Amino acid sequence: MHDTSKETLLHARRALRERIEPAVAAREVSVAAVAWQAPGEPLPFPEAIAAAAFAPIAVGAPWGPPWSTMWLRFDVAVPEDWPGGPLELDVDLGFNRANPGFQAEGLAFDPEGAVIKAIEPRNSAIPLRDAAPGAAVRVYVEAAANPDIAGDWSATPTDLGSPASAGHEPQYVYRGARLVLRDETVAALERDWSVLLDLVDVLPDQSVRRSRIQEALARASDALDPDDVRGSARAARGELAAVLAAPAAASSHAVTAVGHAHIDSAWLWPVRETVRKVARTFSNGLDLMDVYPDFVFAASSAQQYAWIRDRYPALFARVAARVAEGRFIPVGRMWVESDTNMPGGEAMARQLVLGTRFFEEHFGTASTTVWLPDSFGYSAALPQLMLAAGARAFLTQKPSWNDTNTLPHRSFLWQGIDGSRILTHLPPVDSYNSDLGAADLARAERQHTEAGVSDRSLVPFGWGDGGGGPTREQIEAGLRKRDLEGSPRVELGAPDPFFERVREELPEPAVWSGEMYLEYHRGTYTSQARTKEHNRKAEGLLREAELWAATAAVRAGVPYPQERLRSAWESVLLGQFHDILPGSSIRWVHEEHEERIAGVRAELERVVAESLRALAGEGAPPAVASAAPLPVQGGSPLGVAAPLEADPAVVRPDGDGWVLEGAGVAAAIDAEGHLVHLRARGSERELIPAGARGNEVQLFRDLPNEWDAWDIDRGYQRLRLDAVTTTSVARDGDAVVVRRTVGRSTLAQRITVAPSGDAIDVETTVDWRETRKLLKLAFPFDVAAERALSEIQFGHVARPIHTNTSWDAARFETVAHRWLRVEDGRDGVTLANDRTYGHDVTRAVGRDGAVTVLVRETLLRSARFPDPRQDHGVHVFRHRIVPGTLLTGIAEAYALQSPPRTAAGRVEPLVRVDPASGVVVETVKLAEDGSGDVVVRLYEALGGRARTRLEPGFPAGPAVRTDLLEVPLPEQPADPLELRLRAFELVTLRLPVAARRRSAG
């Protein structure tokens, strides 16, 4: 009997590290390299090789200023006296950390420019499969000197996130290359040994299984001759064979292991580097498919495939061939793995439409699984949208990051705001970067909440975030765990078949209703305010451009600018990636994106101007073009009409303050610029609590415990600063102007009556100079509300204001789109905005004992990692305070985002619905297929059943209802234009144009 104590495992681990792993290389020889440090941005292979001035590079030579590229050339001579066997060129670029994706990486090419595979810290070998003894082989490597911005994840501010500030010091030291002849028997022993040592660590100390593995390792250690590891490897494997062949228990958990590499489309690297990361990762997956016939690789994001199509066409063809085999799986159905909290309704729909169309156009197929493992919370509008885009299942693991509560299910039906339900899986492994190690698999089994009914979960495995993907070692580990005692069963597979099996095993899943709020990363609703402003403004312009271009096409025969609009959408959708729009990327990413979207906005303004000019001409009597779907001020919703004469607003002094009065609203501003009275004209209900002050600027210290740009921690509430040092209030025409000094920043406001006369507008200009501070704008309302209504895509959610439960308390910072609202049984106030997303709503007790609410909009933050100068500079925010009904508030919010434009002539809307019905027309466009059909997307906006009729304003053929992809639904109502909608139901209609006529206006 061998010793099975701690010493046995220590001996086995040392044998693995010092004897077995080095012996995997049966023969090896150093390979010299020549190098060229490329100037400027990366070049394609032919241009780089043509321009390269190669010179010898010594082992130990520094290389790589931040974000630079070095090309290496290796001329490999295989020794003639080597035996045949698998040959590899192993290259060490100077990897300084274990994790791939956050440091130097390389991509290997053959002499004709064909991609071979990537070089990563954990995957540094380039196969030379066609080489034989005596052969000469040339290999090129494009090495990227990406700086290690993540470092030790201490969130230390760094200037490496922009080429302008990163400096020119080399980041890495070249450590050389070697030609290796692998010993496959020793390599197999290494995997056997590693898997068993790994498994021992998760088994109970006194278990029979653990003892037997320890005994087998002791025998194998004795069989392994340290002076002849390769000669004794087969015998050592024989000693391990029995414990590796012991089958798993019948009740063992089963996992579907999906090869994967989460690749952030931008984060601690710019978009241009993501393009190269995708090429590296996809080539790694393809290389593994050549070796492992059961290996399946799933990759999301149509945008990333499009980059490969455009930059690496030969690699794209290889991907397409594997897709056709069912081994390379385009998952997700989305353009990018977007944020889902902040994109508008139509943008969220287009993420799914453009992604699904790309996959179907290029591969003839699209997975039915929406794949968003890392987005920062999930909107309750998503189930309806996913189903309408042809999806049948949804996967994420991000809720496992919650800081307070744990979701009670792992496989369940997720129900959205309209009642739609989609099968959803949260992998209990709690990772999208699993290595298929024993600890990961044990966690998956331990946390699988449906174990009593379904014994199956999904494990995405492979290096991710910065890409890299699975390694052969991970696959070999998975193969050994197909049926291994003490481990869950592992089956290499794909997402769609996994979900089909879950449906069979779990016929009555539990239901989770409403949003999946992430109790973490709450600062992402606010960080990088300019990026968020560009997103909101671009979304509004896209809506306008499509409406007016479609109207011009139908009424004036103007060609519809399909490609211009598609290009704009692609740019906007890329910017909604879950580290761009949330504001958690390096400065380079945000500066580049803001420049890109500024160009998109300018192009959309041109489309709008061209379309309106074609529709209404020039020089005619002035009119108002209103893209808003509900009437607010002048014009006709979705059309061009004569302006309405509005009663002029009144601004008059009142003691030390000012009174503002419009046709439907009255307000008072005190001498310090605070809103102290607010009511709807004709109502006696005062909406500001007695003695309270609205329009209050509040500054807080903002010191997250972990992730700077990502997090707002609850502790900020204790750290309010008395930072307003100077205030002045004066009248300027029809506005009350307030100026404040706040900390080191300045703030100026113009407070006016809104153009409709029914609301109060507050325009706030901030010159922001703070560091690690948080700025909020606060409004107390005398409304006994239990819930706050917040706009999301195609509807709204009602969140409790109280903190009765830990779930309620954890939502101390939440997200809304164009508006949020508080109301009681009789009255309410809607607070609309033109660019903000984060806010908080709390309750208080007024002087008279009545419950009131405090609504605070979060305007700015100033985190220091990963962008140490986040949001410094000038920002302009617009808010609209709307007393009255919810429908009035929604109408004003649309008008704030898409204010009326001055136009000429008169143009009837293409479509109309009863504005009082609560049905809102969100989108009017022409069909994606170029047929010229008019596509209308509308939804019920108030949260109840609605009935109305869509009236075309043009000669229309028979209408049909479609999915988001504009494909007719199999079941049609007798009259598709007669709308009977459930709460928040989304409907897409397709109307052929029977005849075109030019507008008489």
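Me: Axes are lines fitted to C-alpha atoms, for helices over the stretch in contact, and angles run from 0 to 180 degrees between N-to-C directions. With that settled, at what angle do the axes of helix H8 and helix H9 cross?

Reply: The model is a predicted one, in which local features need pLDDT of at least 70 and side-chain atom pairs count only at pLDDT 80 or more, while totals for chains, interfaces and linings use all residues. Residues are numbered from 1 along each chain as its sequence is written, and side-chain values use heavy atoms, with hydrogens and water left out. The axes of H8 (residues 313-325) and H9 (residues 345-363) cross at roughly 90° and come within 10 Å. Helices (H or I, at least four residues) and strands (E, at least two) are DSSP runs, numbered from the N terminus.

Me: What does that make H8 and H9 to each other?

Reply: They are therefore roughly perpendicular. Angles of 65 to 115 degrees receive that name; under 35 is roughly parallel, over 145 roughly antiparallel, and the rest oblique.

Me: And which residues make the contact?

Reply: H8 contributes Phe-316, Val-319, Ala-320 and Val-323, and H9 contributes Phe-358, His-362 and Phe-363. Contact means heavy atoms within 4.5 Å. Six of these residues are nonpolar, one is polar and none is charged. In this scheme Ala, Val, Leu, Ile, Met, Phe, Trp, Tyr, Cys and Pro count as nonpolar, Asp, Glu, Lys and Arg as charged, and the others, Gly among them, as polar.

Me: How do the axes of H15 and H16 cross?

Reply: The axes of H15 (residues 562-574) and H16 (residues 587-616) come within 10 Å, crossing at roughly 150°. That makes H15 roughly antiparallel to H16. Among the residues that meet are Leu-565 and Ala-568 in H15, and Ile-597 and Val-600 in H16. By class, this contact has eight nonpolar, two polar and five charged residues.

Me: What about the loop between them: is Gln-576 buried or exposed?

Reply: Gln-576, which lies in the loop between H15 and H16, counts as buried at 0% relative accessibility. Buried means under 20% relative accessible area, exposed over 50%, and partly exposed in between (1.4 Å probe, protein chains only). Leaving aside neighbours within four places in sequence, Gln-576 is in contact with residues including Val-336, Asp-339, Asn-535 and Leu-581.

Me: Switching topic, which residues of H13 are buried?

Reply: In H13 (residues 495-505) the buried residues are Pro-495, Phe-498, Phe-499 and Val-502. Seen down the axis of H13, they fall within an arc of 95°, so they line one face of the helix. The arc is that of the directions from the helix axis to the C-beta atoms.

Me: Where is Trp-63?

Reply: Trp-63 is in strand S4 (residues 62-63) and is buried, with a relative accessible area of 2%. Not counting residues up to four places away in sequence, Trp-63 touches a set that includes Met-70, Leu-93, Pro-170 and Tyr-172.

Me: Which residue other than glycine has a phi near 60°?

Reply: Arg-333 has that positive value. Arg-333 lies in the loop between strand S15 (328-330) and H9, and is buried at 4% relative accessibility. Arg-772 also has a positive phi, of about 50°, but is partly exposed, with a relative accessible area of 28%.

Me: Last one: what kind of peptide bond joins Phe-865 and Pro-866?

Reply: The bond is cis, with omega about 5°. Pro-866 lies in the loop between strand S42 (851-861) and strand S43 (873-883).
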